[in-house]
Amino acid sequence: MSSTAAIFNKLEKAGTLAEDAVLLVILISMILLAGTQIFLRNFFDYSLFWGDEMLRLMVLWLTVAGGLAASRMDKHISIEVLDRFLPGPMQVATKVFIDLFTAAICGLFSWHSARFVMGSYEFGDTLMTDTPAWMLQIILPVGFGLMAYRHLLIAIKRPFVRDDSPAGGKP
Amino acid sequence: MIIAIALVLLVLLGAPLFAVIAAGAFWNFYHADIDLQAIAIEFYGIAEMPILLAIPLFTFAGYLLSESNAPKRMVRLTSALLGWMPAGLAVVSLVACAFFTAFTGASGVTIIALGAILFPAMQQAGYPEKFNLGLVTSAGSLGLLFAPSLPLILYGVIAEVPIESLFLAGLLPGFLMLIILSTYSIWKNRAIRTPLGDFSWQEVRAAMRESMWEIPLPIVVLGGIYSGFFAISEAAAVTALYVLIIDVLILKEVSFRKLPSIIRESMILVGGIMMILGVSRASTNFMIDAGIPQQLLEWISGFVTGEFAFMVMLLVFLLILGAILDVFSAIVLVVPLILPVATQFGVHPVHLGIVFLATMQLGYITPPVGLNLFIAGYRFDRPIVDIYLSTLPFFVFLMFSVLLIAFWPALSLALL
């Protein structure tokens, strides 16, 4: 049992690290690429033909990676007005239900976006002239799939942790 | 109908907004026999809006600035310029908070970053504690109307209004709020005659030298945007690159090791906002196709006639909305529905944007649930009731300015 827990902990750490790395790499490359574009445009009247499209795709990747990070910290934008009026055990039960609901929706989204990406693969869609589109769109099924996993995990852990955070789930 | 009630209940119980909106979209699309892939395709549309680039870039720059010593330097510079006034420190605090919020967008950040400096300083200068708490809490949302604030940009994206016009339109209403609150602060503290100090060119020069790296930022960014030299997303890229170089490489106030956690924190906010934006693209388009705005218009026309009555109703609605929903989600969810209705009642889309944000800003400090009230209570470790009472006068004056902004459209539209 303890060895399973150890593997699990390692997996969690590696996951957080990977998320941080993805966010860092995308954001810093985004800043540098956008800066380069402005520099080239103003001083050389030239721009990288794939640059603007790449930047827009980076926004999509940041959105999903940021959403995944928000799922890990359980910090998605939400309104909590009713749950503080519920008695303690009911609160936990409600939260678990909501975690499961969120996991299910993310799972559903992941499934249907996978169908979308499959379609784009079969049609041979391309972005930035010759890059296969599915390579860049794959973030949708993968990201939402991981979010479903995260919320499922939160649901399982929820009954064993005490949640006293003051600001609720708001960022 | 049962589904709609269930979804609202889920929201009130604290389910993530994006999940509830996605659930609604799945349900509606399923019933209209539309392939559910369409929802993923709508979400993918995030990658087709160039302006959205500005959101992660400005958010990151704001978080990075608040982690550096820039807030401290800004307070010193503002004090040197405005400290000679009676109740100078209060005015300094208001101006500094407004400026900082404009650049960081998310107003909770201002309370945490600037409140930590201003609150003790005002205590020490002998201002009453109740006043200080109220000022720091309410000033956190001041500045939402000044460029390049994130909510203004987001409104422009959703309402399809030129963002440059919004930046111009926000100027006078923003200054109005600042002036009204400053006047109140000066009057309220008329007993504290002693200003911070005499105006001294020496101190101004010293403060400017200290802030020499930050001073070009607003000049380049705002000058660039207002003159049309930069597109908004370009200005955001310049800001992020500039702040990154200054704070990490030149001043070295933020270490490389801290960078991943700052990026993580700021991108959690960005992810949170943009996930809602992505899923609501699907639900909004569905609602527009289903004619919800027309139904809303007909329903409202049943008991409201004329622009004045409509505006009154809108303000009440936005005030309640602002108290329970953050400004970003509110823009994404509500603007597509009320914009067509408001236009029918003769409200200019740009004016609507300014009224929307000004009222939402007030919502942040509306008891009992306004978000900034909780942030301040948490940050300054005070019971929430104390925060309610101390923000009340500020709330009343801001309310008054919101009414002026709402019923005096020229204030927003004069500069266009």
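This is a predicted model: local features need pLDDT of at least 70, side-chain atom pairs count only at pLDDT 80 or more; totals for chains, interfaces and linings use all residues.
User: Which residues of H21(B) are buried?
Analyst: Buried means under 20% relative accessible area. In H21(B), the residues that qualify are B:Leu371, B:Asn372, B:Leu373, B:Ile375, B:Ala376 and B:Gly377.

User: How many aromatic pairs does the structure hold, and how is the pair of B:Tyr184 and B:Phe394 arranged?
Analyst: Over all chains there are 22 aromatic pairs. For B:Tyr184 and B:Phe394, the centres are 5.3 Å apart and the planes stand at 90°. Planes over 60 degrees apart count as edge-to-face. This pair is therefore edge-to-face.

User: How many residues apart in sequence are the parts that B:Tyr184 and B:Phe394 tie together?
Analyst: B:Tyr184 sits in helix H12 (residues 171–188) of chain B. B:Phe394 sits in helix H22 (residues 384–407) of chain B. The pair therefore ties together parts whose separation in sequence is 210 residues.

User: Are B:Tyr184 and B:Phe394 buried or exposed?
Analyst: Buried means under 20% relative accessible area, exposed over 50%. B:Tyr184 and B:Phe394 are both buried.

User: What is the geometry of the B:Phe310 and B:Phe345 pair?
Analyst: The ring centres of B:Phe310 and B:Phe345 are 4.6 Å apart. Their planes meet at 5°, so the pair is stacked.

User: Where do B:Phe310 and B:Phe345 lie, and how many residues apart are they?
Analyst: B:Phe310 belongs to helix H18 (residues 306–324) of chain B. B:Phe345 is in the loop between helix H19 (327–344) and helix H20 (349–363) of chain B. Both residues are buried. The pair links distant parts of the chain, with a separation of 35 residues.

User: Which residues form a cluster with B:Tyr184 and B:Phe394 through ring pairs?
Analyst: Ring pairs join B:Tyr184 and B:Phe394 into a cluster.

User: What does B:Phe356 touch?
Analyst: Residues up to four places away in sequence are not counted here. B:Phe356 then touches B:Leu318, B:Leu321, B:Ala330, B:Ile331, B:Val334, B:Val335 and B:Ile338.

User: Is B:Met274 buried or exposed, and what is it in contact with?
Analyst: B:Met274 lies in helix H16 of chain B. Its relative accessible area is 0%, so B:Met274 is buried. Leaving aside neighbours within four places in sequence, B:Met274 is in contact with A:Val59, A:Thr63, B:Ile46, B:Leu52 and B:Ile55.

User: How do H10(B) and H19(B) run relative to each other?
Analyst: Helix H10 of chain B spans residues 150–159. The axes of H10(B) and H19(B) come within 9 Å and cross at roughly 30°. That makes H10(B) and H19(B) roughly parallel.

User: What is the handedness of the crossing of H10(B) and H19(B)?
Analyst: Residues in the contact include B:Leu154 and B:Ile158 of H10(B) with B:Ile331 and B:Val335 of H19(B). The crossing is right-handed.

User: How do H4(B) and H10(B) run relative to each other?
Analyst: Helix H4 (residues 54–67) of chain B packs on H10(B) at about 175°, with the axes 11 Å apart. The contact is made by B:Ala54, B:Ile55, B:Phe58 and B:Thr59 of H4(B) and B:Leu150, B:Ile153 and B:Leu154 of H10(B). H4(B) and H10(B) are therefore roughly antiparallel.

User: How do H6(B) and H9(B) run relative to each other?
Analyst: Helix H6 (residues 88–104) and helix H9 (residues 129–139), both of chain B, have axes that come within 9 Å and cross at roughly 20°. That makes the two helices roughly parallel.

User: How many residues of H9(B) are buried?
Analyst: H9(B) is largely enclosed by the rest of the structure. Its buried residues include B:Phe131, B:Leu135 and B:Ala139, which meet residues of H6(B). The buried count in H9(B) is nine of the eleven.

User: Which residues does B:Ser165 touch?
Analyst: B:Ser165 is in helix H11 (residues 163–169) of chain B. At 18% relative accessibility, it counts as buried. Not counting residues up to four places away in sequence, B:Ser165 touches B:Val350 and B:Leu416.

Notes. Residues are numbered from 1 along each chain as its sequence is written. Chains are lettered from A and ligands numbered from 1 in the order in which they are written. Side-chain values use heavy atoms; hydrogens and water are left out. Rings of Phe, Tyr and Trp (its six-membered ring) pair if their centres lie within 6.5 Å; planes under 30 degrees apart count as stacked, over 60 as edge-to-face and the rest as tilted. Helices (H or I, at least four residues) and strands (E, at least two) are DSSP runs, numbered from the N terminus. Buried means under 20% relative accessible area, exposed over 50%, partly exposed in between (1.4 Å probe, protein chains only). Contact means heavy atoms within 4.5 Å. Axes are lines fitted to C-alpha atoms, for helices over the stretch in contact, and angles run from 0 to 180 degrees between N-to-C directions. Angles under 35 degrees count as roughly parallel, over 145 as roughly antiparallel, 65 to 115 as roughly perpendicular and the rest as oblique. A crossing is left-handed if the near helix is turned anticlockwise from the far one by less than a right angle, and right-handed if clockwise.
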